[in-house]
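The sequence and the structure are shown first.

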Amino acid sequence: MHQELKPPESPSEASADGVVWLRPEYQGRHDELVTLTDGARLVGVGRSAISNWQKRHANFPRLVLLTGSSHKRTKWVVATELVDFARLQRARKPGPRVGRKSPQRPGAQIAAEKTAHYEEVLRTLTERETRQAQALARTRAAKRAAEQKLSGARARLAAEVAAVARLGPQKDHRSTTITEKEIRP
C-alpha cells in the first residue's frame with residue numbers, strides 16, 4: 001500500500017535524522033513538494049522514467065529536500081517543476097523505437113475519468129432509487145385499498161354467517177313431505 005510521505009515541519013540544514021534541505025527557499029512551503037515516486041504517479045509515468053530523466057537530462061528539476069537515512073533516501077522536488085518538465089518530455093518527438101510501450105495517462109486524467117464515471121453511477125442509482133420509491137408508494141396504496149376491501153368482505157361474510165345462525169336449522173319441506181308420503185300407504 002502506498003504510504004504518503006510528508007516533509008518534516010521544521011528541518012535543519014543537515015539534521016541528525018537525515019533531513020537535508022538542498023533548496024532552503026522552499027522551507028515552510030511543504031505543500032508545493034512531491035516525492036519522485038508520487039511525482040511519477042502525478043505525471044503518469046513509471047518510477048524508472050523519472051530515474052532515467054534525472055540521470056539523462058540536465059534540465060530535470062533540482063532536488064529540494066532529502067529525507068531518510070543515507071542508504072535509503074527519499075527525494076523531493078517541486079511538483080509544478082516536475083509537471084512542466086514531464087510536459088516538455090511528452091512534447092518532444094521520440095525517435096522510432098522497437099517495442100515501445102504506449103505512454104501512460106497522467107494521474108490527473110485518470111482521476112478525472114474516475115470522478116466522471118462515479119458521478120454517472122451515482123446519478124443512475126439516484127434515478128433508480130426514485131423510481132423504486134414511487135413503485136413502493138404505489139404498492140403500499142394498493143395494499144391499503146386491498147386491506148379495506150378485505151375488511152368489508154369479512155364484515156359481509158360475518159353478517160351472512162350471523163343471519164344464517166339466527167334462522168337456526170330448518171327442514172326442507174319438500175323433502176320432508178315426499179318422505180312422509182312415501183312412508184304412508
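Glutamine 89 is part of helix H3. The model in which it is described is predicted. With a relative accessible area of 14%, glutamine 89 is buried, because it falls under the 20% cut-off. Apart from its neighbours within four places in sequence, glutamine 89 is in contact with Trp53 and His57.

**The chain as a whole**

The chain has five helices and four strands, and their order along the sequence is β-β-α-α-β-β-α-α-α. Of its 185 residues, 19% are buried. Its accessible surface amounts to about 14700 Å², and 56% of that surface belongs to carbon and sulfur atoms. When contacts between residues at least 6 apart in sequence are considered, 61% of them join residues at least 24 apart.

Two packed helices are described by the angle between their axes and the distance between the axes.

| Helix pair | Angle between axes | Distance between axes |
|---|---|---|
| H1 (residues 36-43) and H3 (residues 79-91) | about 50° | 10 Å |
| H1 and H2 (residues 47-56) | roughly 110° | within 8 Å |

H1 and H3 pack at an angle of about 50°. That angle makes H1 oblique to H3. The crossing of H1 past H3 is right-handed. On the H1 side, the contact is made by Gly39, Leu42 and Val43, while H3 contributes Ala79, Leu82, Val83, Ala86 and Arg90. Sorted by class, the residues of this contact of H1 with H3 are six nonpolar, one polar and one charged.

The axes of H1 and H2 cross at roughly 110°. These two helices are therefore roughly perpendicular to each other. Here Leu36, Thr37, Ala40 and Val43 of H1 meet Arg47, Ile50 and Gln54 of H2. The contact of H1 with H2 comprises four nonpolar, two polar and one charged residues.

Leu36, Asp38, Gly39, Ala40 and Val43 are buried in H1. The buried residues of this helix pack against strand S2 (33-35), H2, strand S4 (74-78) and H3. An α-helix has 3.6 residues a turn, so residues three or four places apart point the same way.

Valine 43 belongs to helix H1 and takes part in the contacts with H3 and with H2. Its relative accessible area is 6%, so valine 43 is buried. Leaving out neighbours within four places in sequence, valine 43 is in contact with Ile50, Leu82, Val83, Ala86, Arg90 and Pro106. The C-alpha atoms of valine 43 and glutamine 104 are 8.7 Å apart, although 61 residues separate the two along the chain.

Arginine 41 also lies in helix H1. This residue is partly exposed, with a relative accessible area of 43%. Just after H1, glycine 44 adopts a positive phi of about 80°.

How values were computed. Residues numbered from 1 in each chain as written. Predicted model: local features only at pLDDT ≥ 70, side-chain atom pairs only at ≥ 80, totals over all residues. Heavy atoms only, no water. Axes fitted to C-alpha atoms, helices over the stretch in contact; angles between N-to-C directions. Parallel < 35°, antiparallel > 145°, perpendicular 65-115°, else oblique. Left-handed = near helix turned anticlockwise from the far one by under 90°. Contact = heavy atoms within 4.5 Å. Nonpolar A, V, L, I, M, F, W, Y, C, P; charged D, E, K, R; others polar. Buried < 20%, exposed > 50% of the residue type's maximum accessible area, 1.4 Å probe, protein only. Areas by Shrake-Rupley, 256 points an atom, 1.4 Å probe, with all protein chains shown as cover.
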